[in-house]
Amino acid sequence: MGKAEDERLQRYFDGEMPASERAEIEAALTEDDQLKLAALGEVRGLVTNALLAEAGEIDLLPGIEARLRGGGTGAGKAESKARRRWGLGAHPASWSSGFLAAAAAVLLLVFQPWHSAHAQNGCDIESLDTYGAVVTVFRIGDTPHKSDETTTVIFTEEDD
Amino acid sequence: MEPDDKQLVEGARRGDAAAFRQLVTRHQRRAYAVALGMVHDPDDARDVCQEAFLKVHKNIGTFEGDAQFFTWLYRIVANLCIDHLRKKRGHQVEFDEALAHDDPDEGGIAPHRTGFDPARALSDKELRKEILAALDKLSPAHRTVLVMREVEGLSYQEMADTMKCSIGTIMSRLFHARKKMQQMLIAYRKAATPAA
């Protein structure tokens, strides 16, 4: 049997033919045709079940509601893009301490709290709070004596 | 008693946020499964689905009550996935009708079962991995048609409208995709089963 006959069998399998043609096919179904129909059903079941199982208990609502609250500004989209950009997993629990250390290093370079212009009391604090994980960089020092300053980095991971 | 989709759509149209949330909760898993099958990246699939539900939220007033809500939703998801794939470098050409239509292998569907019980795909991670890897080997055009049909249950006409091509092209792509999937799964089965 060639491709044209099989495409007709496929139309039968998909319910894409009128009743009269269905009856015609059913009257002439061979053993091979029945095996092919079973094979098509098997592929359908395997693909559908595999994808549904991979989808698991996906929860899209928080992202959708965030984007609705943001007037469609893409908050939820930004969320997953940010995760991707930083190499984060789908869940904060999958974050590594390596990432937190990298984030702290970036903070140190970008904010340079020890050079802060508004350090009146000798204490600068910069904090990055994302998805329940907080990286805080602060410096306590004796302003008149720069050599005595201390920079401290604190990582805090919070449960959802 | 659980409200049906029609009642929830009516509620969402009136601005009932709980009704909209229930529509999302009810359909998100299948919508995500479809997107995952098409774009093959969990984050992209999530983005696409969120975008699809936002479109639903925005346009629910224009939805015709006689149509099935899930068909409408899945077409939105499929269209967004196609846009997403088209935007990705390297995938543009694979949506070209002539190329995607081309099937050098003129053979038909093999009259053999793969030997895998479909229910096993729900629990067997290794088998799932193989199925997803096989899907990944299909061109985006073939994968899209297969997922739209098998998971979403879209008709040939709906798929042709979504992909902006003829029903003949849809049938040919679907046939090719199924045949390739069958071949790959049979090969995997043979490799996984030691010879007696």
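**Exercises on a two-chain model**

In this structure, 43 residues of chain A are in contact with 59 residues of chain B, where contact means heavy atoms within 4.5 Å. The model is predicted, so local features need pLDDT of at least 70 and side-chain atom pairs count only at pLDDT 80 or more, while totals for chains, interfaces and linings use all residues. Residues are numbered from 1 along each chain as its sequence is written, chains are lettered from A in the order in which they are written, and side-chain values use heavy atoms, without hydrogens and water.

**Exercise 1.** State how much area chain A and chain B bury between them.

*Solution.* Step one: the size of an interface is often given as the accessible area lost when the parts come together. Step two: buried area is that loss (1.4 Å probe), summed over both parts. Step three: chain A and chain B bury about 5,000 Å², 63% of it on carbon and sulfur atoms.

**Exercise 2.** Count the salt bridges between chain A and chain B, and describe the one made by Arg128(B).

*Solution.* A salt bridge needs a side-chain nitrogen of Lys or Arg within 4 Å of a carboxyl oxygen of Asp or Glu. The count is 7. Arg128(B) meets Glu54(A) at 2.8 Å, N to O.

**Exercise 3.** Decide whether Asp5(B) is buried or exposed, and list what Asp5(B) touches.

*Solution.* Buried means under 20% relative accessible area, exposed over 50%, partly exposed in between (1.4 Å probe, protein chains only). Asp5(B) has 15%, so Asp5(B) is buried. Leaving out residues up to four places away in sequence, Asp5(B) touches Leu23(B), Arg26(B), His27(B), Phe69(B) and Phe70(B).

Definitions and conventions: Buried area is the accessible area (1.4 Å probe) that two parts lose on being put together, summed over both.
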